[in-house]
Amino acid sequence: MCGIFGITNSSKASFLTYIALYSLQHRGQESCGIAVFGKNGYKYYNSMGLVQEVFNSEILKMLEGEYAIGHVRYSTTGSSTITNSQPLFFRTKFGEFAVAHNGNIVNSEELKKELSKRGSIFQTTTDSEIIAHLISLSDRKDFVDALCDGLGKLKGAYSFLFLYQDCLICARDPWGFRPLVVGRKGDSFIFTSETCAIDCCGYEVYDEIFPGEIGIVKNGRYEKFKFKNVEKYFRCIFEQVYFARPDSLVCERTVFSSRYFVGKYLAEEYKVDADIVSGVPDSGVAYAIGYAQKSNMKFMPVFMKNHYSPRSFLQPNQDLREFIADLKLSPIKDNIKGKKIILIDDSLVRGTTSKKIISKLRSAGASRIYFLIGSPPVKGPCYYGIDTPTEKELIANKMDIDGIKKFIGVDDLYYVSIENLIRACGNGDRNFCTACFDKNYPVL
Ligand code: AMP
């Protein structure tokens with residue numbers, strides 16, 4: 001989790017970064033920050049909290065410069081503290097640079113031990129800082145060469161942005177777990193996690209940084225090259241299932257479309273006589289619309305979402321998560337009373353949120369509830385940056401289907417097949433990491 005954004009050659013660099021981080025807020029709500037470079041050098045500002053809480057017009061004015069990177073953070077490695085907030089800033093033999101990272105380095109402990117033995121002093125408990133030490137200790141003469149050298153030692157998930165004075169550099173791991181796209185308007189370029197951040201700046205989606213590639217923008221010129229040859233991609237399929245925004249493009253289609261097609265496949269796989277089809281807001285809705293259209297059934301909302309409460313999974317402890325889950329959805333009673341309801345959600349992880357949601361439908365008078373899931377059972381924890389619980393906490397590892405049905409209180413439960421999920425999300429050659437469903441971890 002985390003969202004990253006970088007922009008070059010713009011007189012509104014800090015403002016556009018602020019707007020873009022706002023559109024990436026769903027990727028992390030713990031802390032955020034912006035670093036800029038301009039005629040007066042670097043300026044940066046990081047703080048705990050949401051983008052709208054952290055930045056104001058005075059701070060944005062102070063962040064003067066035509067080149068900027070920004071970050072919204074949800075911690076999966078390292079604690080949720082101000083010292084761990086990004087972008088991180090470093091002074092090295094190559095000069096100064098700022099870095100923003102999305103992903104999880106799986107060999108971080110090993111690397112940290114090795115680097116510490118060589119004299120590295122770590123300022124944070126993040127895995128993101130490691131790349132700066134690797135660059136600094138490299139014996140290559142040039143920053144980009146030293147970066148390639150450092151990247152060669154990392155295993156796991158990373159999309160990195162580097163603001164190296166007036167040069168913006170990005171890198172995507174050779175497995176391609178986390179996304180990285182390019183936007184353009186004239187000679188101004190954007191590197192970011194999702195296309196929604198490009199759209200909101202009024203730029204065009206221009207390219208994608210593919211697994212094992214580095215992108216560079218300098219003097220208004222964009223180029224990219226492979227730092228590692230890659231035969232197979234392992235894009236995180238959970239981006240489409242749950243994490244990314246429905247209006248973002250992944251694999252040349254919107255995330256909405258992928259979810260909508262999963263809903264259609266669910267309608268082919270699972271048929272039942274019901275009065276209405278509905279989705280758990282927000283991510284379940286696209287699946288439900290797909291199901292309703294394919295099966296010629298009526299789509300009706302059954303919950304009103306309070307958009308002013310935080311996403312429950314983005315709260316790092318279980319008590320807070322459950323409390324927030326409770327306050328964010330209110331049943332629309334007339335649409336529920338006496339009805340047989342097909343309810344669709346994107347995923348079932350611990351089962352605790354779903355149990356609460358279902359009990360709300362029961363209290364509002366639903367006569368039967370068929371619960372359909374837009375992804376297969378989650379059985380493996382993610383080591384690449386999605387915050388899933390330990391193996392033991394995952395409900396699919398604790399109970400069989402009948403046990404889960406009983407626990408969450410539904411009349412039936414059905415998960416989409418992995419084949420149809422992949423069909424809905426990909427283009428054949430676009431391979432996915434599906435380790436959370438099948439425990440096939442591409443790198444450990
Ligand atoms: P639960 O019933 O506790 O398993 O929670 C399932 C709900 O949590 C679904 O509605 C998903 O939208 C959401 N969800 C599932 N996995 C994640 C994740 N890794 N991060 C954030 N939200 C998630």
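By class, the second largest cavity is lined by two nonpolar, nine polar and two charged residues; here Ala, Val, Leu, Ile, Met, Phe, Trp, Tyr, Cys and Pro count as nonpolar, Asp, Glu, Lys and Arg as charged, and the others, Gly among them, as polar. The model is predicted: local features need pLDDT of at least 70 and side-chain atom pairs pLDDT 80 or more, whereas totals for chains, interfaces and linings use all residues. Residues are numbered from 1 along each chain as its sequence is written, and side-chain values use heavy atoms, without hydrogens and water.

**Cavities**

- Three cavities of 30 Å³ or more are counted; on a 1 Å grid over the protein atoms alone, a cavity is a set of points where a 1.4 Å probe fits but cannot get out, and lining residues have an atom within 4 Å of a point.
- The largest cavity holds about 110 Å³, and among its 15 lining residues Cys236, Cys382, Tyr384, Cys433 and Cys436 are the closest to its centre.
- The lining of the largest cavity comprises 12 nonpolar, two polar and one charged residue.
- The second largest cavity has a volume of about 80 Å³; of its 13 lining residues, Arg73, Thr77, Gly103, Asp127 and Ser128 lie nearest its centre.

- The domain assignment, automatic or from a database, gives domain 1 (3-233) and domain 2 (246-438), with C-alpha centres 32 Å apart.
- The second largest pocket lies between the two domains because both give residues to its lining; a pocket is an open set of grid points with protein on both sides within 12 Å along at least five of seven lines.
- This pocket contains about 310 Å³ of space, and the closest to its centre of 25 lining residues are Val181, Glu208, Leu249, Val250 and Cys251.
- The lining of the second largest pocket divides into 12 nonpolar, five polar and eight charged residues.

**Aromatic contacts**

- The structure holds 30 aromatic pairs, meaning rings of Phe, Tyr and Trp (its six-membered ring) with centres within 6.5 Å; planes under 30 degrees apart count as stacked, over 60 as edge-to-face and the rest as tilted.
- Phe160 and Phe162 form a tilted pair, 5.6 Å centre to centre with 40 degrees between the planes.
- Phe160 counts as buried because its relative accessibility is 0%, and Phe162 is likewise buried at 0%; buried means under 20% relative accessible area (1.4 Å probe, protein chains only).
- Phe160 and Phe162 belong to one aromatic cluster with Phe90, Phe94, Phe97, Phe143, Tyr158 and Tyr164.

Notes
Buried means under 20% relative accessible area, exposed over 50%, partly exposed in between (1.4 Å probe, protein chains only). Grid points are joined across faces, edges and corners, and a volume is the space filled by probe spheres set on the points.
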